Amino acid sequence: DGEVHINELKNGNTEMFWNPSSEVRRQRLKRHIVLFEEQTDFESERLWQHVTSAINKGDQHRATQEKFVLEEEQRNAARERRESGTEWKPLLFQHDAGTNEWRYKYEDLRPWDPLNDIAQFEKDGILQTMERHLSTRMSNHKATCINNQITRHKRSAKDCRRRKTSDQPSNHSQNTESSCSTPESVQELSDDDGKYLGFESLCAQCGKEMNHLKEIHSAVLSLQKAQQDIHR
């Protein structure tokens, strides 16, 4: 966020390498971090806190010692897994055999869309983007749920008509009330029809994702308010 200089040790000259302008700063995405007390033991900031503290204090000897302690613990843990035959299964990374590198499973390399993307955040180690509109995946899933319910409704109506035809004599079919309450035809459904048929409560996954989005939206609004208070 500040100026970066190149210091030439031979002649003592200093050259400006990077100077972020106010316009560059304005274009940056707002970054939020997980509070330290909410981090798990193996998140980097908490795991390396003693090393970081020593570096900030300029104590290189203590920083090296703390780093050695961490690395020894990791070596011992790896040794114990080998001896017990326990396979190490990373939660957030996968090995790329082509490049022989470990890659983050949920990396999002698409360009930022300022018209649709509101905020990018991490939940349980998974990188996610909050959008202004429902994602295509959710929209398609919702449409599939509705179509499935319409299909079941039509099938139910067809079965009902079949039962009425087979159970009632032909000369009484017009005068005998059927025990089936399903309408005999399904026209184009309006919003009110959808509510009548129970389509507003689609499936558990749709409801769960909608509630999740509401929680995220509420959290983002709270963060924005806190940020405004900090600026004031």
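These legends walk through several close-up views of one predicted model.

Because the model is predicted, local features need pLDDT of at least 70 and side-chain atom pairs count only at pLDDT 80 or more, while totals for chains, interfaces and linings use all residues. Residues are numbered from 1 along each chain as its sequence is written, and side-chain values use heavy atoms, with hydrogens and water left out.

**Figure 1. The protein chain has seven helices and six strands.** Helices (H or I, at least four residues) and strands (E, at least two) are DSSP runs, numbered from the N terminus. Follow the sequence along and the pattern reads β-β-α-α-α-α-β-β-β-β-α-α-α. Of the 232 residues in the protein chain, 12% are buried; here buried means under 20% relative accessible area, exposed over 50%, and partly exposed in between (1.4 Å probe, protein chains only). A contact means heavy atoms within 4.5 Å. Among contacts with a separation of 6 or more, 31% join residues 24 or more positions apart.

**Figure 2. The largest pocket holds about 2500 Å³ of space.** Closest to its centre, among the 49 residues that line this pocket, are Val34, Glu43, Glu122, Asp124 and Gly125. Two or more lining residues come from each of helix H2 (44-47), helix H4 (60-84), strand S4 (101-104), strand S5 (117-123) and helix H7 (204-231). H7 gives the most, with nine residues. By residue type, the lining divides into 26 nonpolar, 11 polar and 12 charged. Here Ala, Val, Leu, Ile, Met, Phe, Trp, Tyr, Cys and Pro count as nonpolar, Asp, Glu, Lys and Arg as charged, and the others, Gly among them, as polar. For the search, a 1 Å grid is laid over the protein atoms alone: a cavity is a set of points where a 1.4 Å probe fits but cannot get out, and a pocket is an open set with protein on both sides within 12 Å along at least five of seven lines; lining residues have an atom within 4 Å of a point. Grid points are joined across faces, edges and corners, and a volume is the space filled by probe spheres set on the points.

**Figure 3. Phe93, Tyr104 and Tyr106 form a cluster through ring pairs.** Rings of Phe, Tyr and Trp (its six-membered ring) pair if their centres lie within 6.5 Å; planes under 30 degrees apart count as stacked, over 60 as edge-to-face and the rest as tilted. The count by this rule is two aromatic pairs. Tyr104 and Tyr106 make an edge-to-face pair because their ring centres are 5.9 Å apart and their planes stand at 70°. Tyr106 is partly exposed, at 34% relative accessible area.

**Figure 4. Arg46 lies over the face of Phe36.** The distance from Arg46 to the ring centre of Phe36 is 4.6 Å. A charge sits over a ring if NZ of Lys or CZ of Arg is within 6 Å of the ring centre and within 35 degrees of the ring normal.

**Figure 5. Strand S3 carries Gln94, and the loop between strand S3 (93-96) and S4 carries Asn100.** Gln94 is partly exposed at 44% relative accessible area. Leaving aside neighbours within four places in sequence, Gln94 is in contact with Glu101, Trp102, Arg103 and Lys105. From Gln94 to Tyr104, 10 residues along the chain, the C-alpha atoms are separated by 6.5 Å. Asn100 is exposed, with 58% relative accessible area, and has a positive phi near 60° although not a glycine. Most residues other than glycine have a negative phi.

**Figure 6. Trp112 and Asn116 both sit in the loop between S4 and S5.** With 29% relative accessible area, Trp112 is partly exposed, whereas Asn116 is buried at 16%. Beyond neighbours within four places in sequence, Trp112 is in contact with Leu29, Asp117, Ile118, Ala119, Gln120 and Thr129. Trp112 and Thr129 are 17 residues apart in sequence, with 9.6 Å between their C-alpha atoms. With the sequence neighbours within four places again set aside, Asn116 is in contact with Met130, Glu131, Arg132 and His133.

**Figure 7. Helix H7 includes Leu213 and Gln224.** Leu213 is partly exposed at 27% relative accessibility, and Gln224 is partly exposed at 36%. The C-alpha atoms of Leu213 and Glu131 are 9.2 Å apart, across 82 residues of the chain. For Gln224 and Lys30, 194 residues apart along the chain, the C-alpha separation is 9.8 Å.
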